[in-house]
Amino acid sequence: EYTVVHVGCVAKINPAAPLDKVCVLSCGISTGLVATLNVAKPKKGSTVAIFGLGDVGLAAAEGARNAGASRIIGVDLNAKRFDEAKKFGVTDFVIPKDHDKPVQKVIAEMTGGGVDRSFECTGSINAMISAFKCVHDGWGIAVLVGVPNKDDAFKTHPMNILNERTLKGTFFGNFKPRSNLPSVVERYTNKELELEKFITHEVPFSEINKAFEYMLKGDAAVAWEAGKPLVIEEVEVAPPQAMEVRLKILFTSLCHTDVYFWEAKGQTPLFPRIFGHEAGGIVESIGEGVTDLKPGDHVLPVFTGECKECRHCKSEESNMCDLLRINTDRGVMINDGKSRFSINGQPIYHFVGTSTFSEYTVLHVGSVAKINPAAPLDKVCVLSCGISTGLGATLNVAKPKKGSTVAVFGLGAVGLAKFGVTEFVNPKDHDKPVHEVLAEMTNGGVDRSIECTGSINAMISAFECVHDGWGVAVLVGVPNKDDAFKTHPMNILNERTIKGTFFGNYKPRSDLPSVVEKYMNKELELEKFITHEVSFSEINKAFEYMLRGEGLRCIIRMDA
């Protein structure tokens, strides 16, 4: 409400100017506007390219429009920004990824050799270089406005400069604030400048944190293409809407499901995307209607939810929530069909409603399990998927009795959620089907079997290897979409049972906290599953370990 400022940092303005509008001239908008008018100084009829259509870039476009530019080319990753940019005078739009040549060549072809002026407003070093190269030789001027990373280096061939191009930088648009800012205010009062276009939200001072929520950004590992290394990007994470929760992820882990969909095997690719679904974090903020969570709570995000209202959630036998059942093709929030992630306005798709390869993420409240705050998140984060699935498949579904014989097909993290293997069978070492081998080893078949690979042949063998009369086979692995389970009906009539399970029949919000307590009470050893640990910046190493078949779970530390 009150502050103290050096007199040199105070600009006296027209008292008739509405402060709720002209207050935005104290930084970014003036920077972009005056970078055009004071530094680039485009002439009437000039061609202009603007890299980055955030508020600074749009202000630069407004300045170019004011100067009488005949053509203003907006360069951005998000096509949805073009409609908004038109209001500021942008006439053409270029998405670099839509072209198989460098963006500066695209612009040169559009403009007969290059634009007269260009502005770089993103801080990306590649955009800076392109902005310089896209101006016309002989008279072109490129102005750098965005702030680069501290280790960036601007590189270009000297001939690009010798061919009479000019590169300039600017700070606050080369404005002297006390001398010049009053004149920009007058532009607004004279209706030469429309500030209303830049103002998108308004909140009372008591709700200032909402403004931070609107602007919240964090690092995320973005998959731009199938099978290509993830790229650490700064993403904007929108505030949670009704019945949503925004989390700060502290630890995450890589699962085979992430790798499968990252490779896009047999799937419709949905990129760019933020993967990840095994994690632990804390609640950062909550949306309207959320009553059982508060900021600061320790939680596990889960790929399958529990709305607590549908028939499945109310059933004691099912955890297949109608509202929040896993959907790998959705990529958006169910509340409004939109993503909460974006980069410079470009939406980034979600993955199974969790997207934990991000410093911040937004989930439906039904996909968040509140846990004991004393539980170490770097250990219990692995309970969000595979380990709970395998553990629950045994304890909740197969329910072997003391002294039972059990066969486990597939000894990855899901299969090993039943550590204590006493014998090992490699099907390739035998000249008969593996179910016959197991029947001979166990005098007719095992009491229980668990299939954890997703192989259709393993599923059939897991069923046919259980003892007639009482044997129970439980399918856990996810099959290929065109697979078909085939067995003779007599295998079923002979009193064998086959069951399927999803997340071990655990209701995530109701049951997962008790699994965490098993670890806290030393009934469950999670450390055995954790074979590697990497920093978030090294997340691609986790993919390498899994693709090489090295280890079980790799913990990814978000703070390193």
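**Close-up 1. Strands E18 and E19 side by side.** Strand E18 (residues 472-475) runs parallel to E19, and four bridges join the two. One of the pairs is Val 472 with its bridge partner Thr 497 in E19. Strands here are DSSP runs of E with at least two residues, helices are runs of H or I with at least four, and both are numbered from the N terminus. This is a predicted model, in which local features need pLDDT of at least 70 and side-chain atom pairs count only at pLDDT 80 or more, while totals for chains, interfaces and linings use all residues. Residues are numbered from 1 along each chain as its sequence is written, and side-chain values use heavy atoms, with hydrogens and water left out.

**Close-up 2. The open sheet around E18.** Four strands in the order E16-E17-E18-E19 form this open sheet, with parallel pairing (two strands pair if DSSP finds at least two bridges between them). Strand E16 (406-409) and strand E19 (497-500) are at the edges with a single partner strand each, so one side of each has no neighbour in the sheet. On average, neighbouring strands are turned by 15° against each other, direction ignored. Helix H15 (residues 456-464) lies across E16, strand E17 (448-451), E18 and E19, and runs at about 175° to E17. Axes are lines fitted to C-alpha atoms, for helices over the stretch in contact (heavy atoms within 4.5 Å), and angles between N-to-C directions run from 0 to 180 degrees.

**Close-up 3. Val 406 on strand E16.** Look for Val 406 in strand E16. Val 406 counts as partly exposed because its relative accessibility is 41%; buried means under 20% relative accessible area, exposed over 50%, and partly exposed in between (1.4 Å probe, protein chains only). Leaving aside neighbours within four places in sequence, Val 406 is in contact with Pro 400, Val 446, Arg 448 and Ile 450. Val 472 is 66 residues apart from Val 406 along the chain, and their C-alpha atoms are separated by 9.7 Å.

**Close-up 4. Cysteines without a bond.** The structure holds zero disulfides, a disulfide being a pair of cysteine sulfur atoms within 2.5 Å. For Cys 321, the nearest cysteine sulfur is that of Cys 307, 3.6 Å away. Cys 321 counts as buried because its relative accessibility is 0%. For Cys 381, the nearest cysteine sulfur belongs to Cys 554, 10 Å away. Cys 381 also has 0% relative accessibility, so Cys 381 counts as buried.
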